[in-house]
Amino acid sequence: MMAEFLPWLEQWLKSTPASAFITLNTWVWSTCESIHFTGLCMLYGSVVLFDLRLLGVAKQVPLAALHRLIPMGVAGFAMNVGTGFMFLAGTPDQYLYNIAFRLKVLCLAIAGINILIFYLFLFRKVRSVAPGEDQ
Amino acid sequence: MNPDPIFFWIERSALSIWLRESTSLLAFPFILILHAIGMGFLAGTAAAMGLRVLGLLRAIPLGAMARFLPFAWVGFWINAVSGVLLLIAYPGKALTNPLFYFKLACIAVAVAFLRMLTAGVLRKTPEPVAIPMKFRRMAGVSLALWVTAITSGRLLAYTYTRLLTDN
């Protein structure tokens, strides 16, 4: 099935307006890259710091308060999905058949499941943890 | 003074040749990955600090927030080292590009601001009740400086006028 799906996806991506936009204007690719990197930093500044707090760094930080950074991470992630799609649409053959890209998508899927489990089962317990309570 | 002989000398060193020409993923690709991770830690942590100073996360005590600062400095040193290695691989490529000096200047000011915010606000005892306007402005400017540094860094891949001295 994969053998038919990927070439179909490749053709479809190439036919999107996004594909023409990024391949026909030289400045679009580099601008998207800058946005992609800024989005990455926004994820580090929010989600990674929150994860570090969950792991036990800076226990004096109230978790519910630190969670207010998460919208920055969501914005960063949205920027990266948007610009990531632009790269994929621009040169789909460079990504679809690339083991590193597939690994990246797999990691993103696992991260998504992890987020789902966290909010469904753990966040309510974590939210009420007062500063320094989780010694 | 023409710097070309110096660039040429660096380019012919074993380390430079290995970084540039080795097919090992540990050479150029790995250094680039490190540079991206260090950027995430440095600019990301600095952005969180800036937002705290600007008043977004008032419920977090300043001193507690400062506990995350070491991650910014780990990111800084990862990038100082990986950045020098990237320079050793292609010394003339960045050093002949004015944009590279602009990027370095942005980083220098943003890092100086982070240190001033650390001493003046984040680690100040007793904790300031109201954060002086001077520091809020500094935090706002540093957010813009990080985005500018990231953008100019990325554009280095498109604006260089030469790759190696030989060419």
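In these legends, buried denotes a residue under 20% relative accessible area, exposed one over 50%, and partly exposed one in between (1.4 Å probe, protein chains only). This is a predicted model, in which local features need pLDDT of at least 70 and side-chain atom pairs count only at pLDDT 80 or more, whereas totals for chains, interfaces and linings use all residues. Residues are numbered from 1 along each chain as its sequence is written, chains are lettered from A and ligands numbered from 1 in the order in which they are written, and side-chain values use heavy atoms, with hydrogens and water left out.

**View 1. The interface between chain B and chain A.** Counting contact as heavy atoms within 4.5 Å, the interface draws 26 residues from chain B and 24 residues from chain A. The buried area, which is the accessible area (1.4 Å probe) that two parts lose on being put together, summed over both, is about 2,300 Å² here, with carbon and sulfur atoms giving 79%. On the chain B side, Arg67(B), Phe68(B) and Arg154(B) lose the most area to chain A, and together they account for 24% of what that side buries. The rule finds three residue pairs in polar contact across the interface, both residues being at pLDDT 80 or more; such a contact is a pair of N or O atoms within 3.5 Å where, within protein, one must be able to donate a hydrogen and the other to accept it, and residues adjacent in sequence count only if both atoms are side-chain atoms. Helices α3 (28-54), α4 (62-65) and α8 (133-159) of chain B each supply at least two residues of the side that touches chain A, and α3(B) gives the most, with 10 residues. Helices (H or I, at least four residues) and strands (E, at least two) are DSSP runs, numbered from the N terminus. By residue type, this side of chain B divides into 20 nonpolar, four polar and two charged, where Ala, Val, Leu, Ile, Met, Phe, Trp, Tyr, Cys and Pro count as nonpolar, Asp, Glu, Lys and Arg as charged, and the others, Gly among them, as polar.

**View 2. Arg154(B) and its salt bridge to Glu33(A).** A salt bridge is a side-chain nitrogen of Lys or Arg within 4 Å of a carboxyl oxygen of Asp or Glu, and across the interface of chain B and chain A the rule finds one. In this bridge the closest N and O atoms of Arg154(B) and Glu33(A) are 2.6 Å apart. Arg154(B) is found in helix α8 of chain B and counts as buried because its relative accessibility is 19%. Apart from residues up to four places away in sequence, Arg154(B) touches Ser30(A), Glu33(A), Ser34(A) and Phe37(A).

**View 3. Met39(B) and Cys41(A).** Met39(B), in helix α3 of chain B, is buried at 12% relative accessibility. Leaving aside neighbours within four places in sequence, Met39(B) is in contact with Phe37(A), Leu40(A), Cys41(A), Gly44(B), Asn79(B) and Ile150(B). Cys41(A) is likewise buried, with a relative accessible area of 5%. The structure holds zero disulfides over all chains, a disulfide being a pair of cysteine sulfur atoms within 2.5 Å. For Cys41(A), the nearest cysteine sulfur, that of Cys106(B), is 14 Å away.

**View 4. Salt bridges within the chains.** The search of the whole structure finds four salt bridges over all chains. In chain A, Lys14(A) and Glu10(A) meet at 3.2 Å, N to O; both lie in helix α1 (residues 2-15), four residues apart, about one turn of the helix. Lys14(A) is partly exposed at 40% relative accessibility, whereas Glu10(A) is buried at 12%. In chain B, the side chains of Arg162(B) and Asp4(B) meet at 2.9 Å, N to O, linking the segment after α8 with helix α1 (residues 4-11) across 158 residues. Both partners are partly exposed, Arg162(B) at 22% and Asp4(B) at 23%.

**View 5. Backbone geometry in two loops.** A cis peptide bond, with omega of about -10°, joins Thr125(B) and Pro126(B), and Pro126(B) is placed in the loop between α7 (98-122) and α8 of chain B. Ala58(A) has a positive phi of about 55° although it is not a glycine. Ala58(A) lies in the loop between α3 (26-54) and α4 (63-66) of chain A and is buried, with a relative accessible area of 6%.
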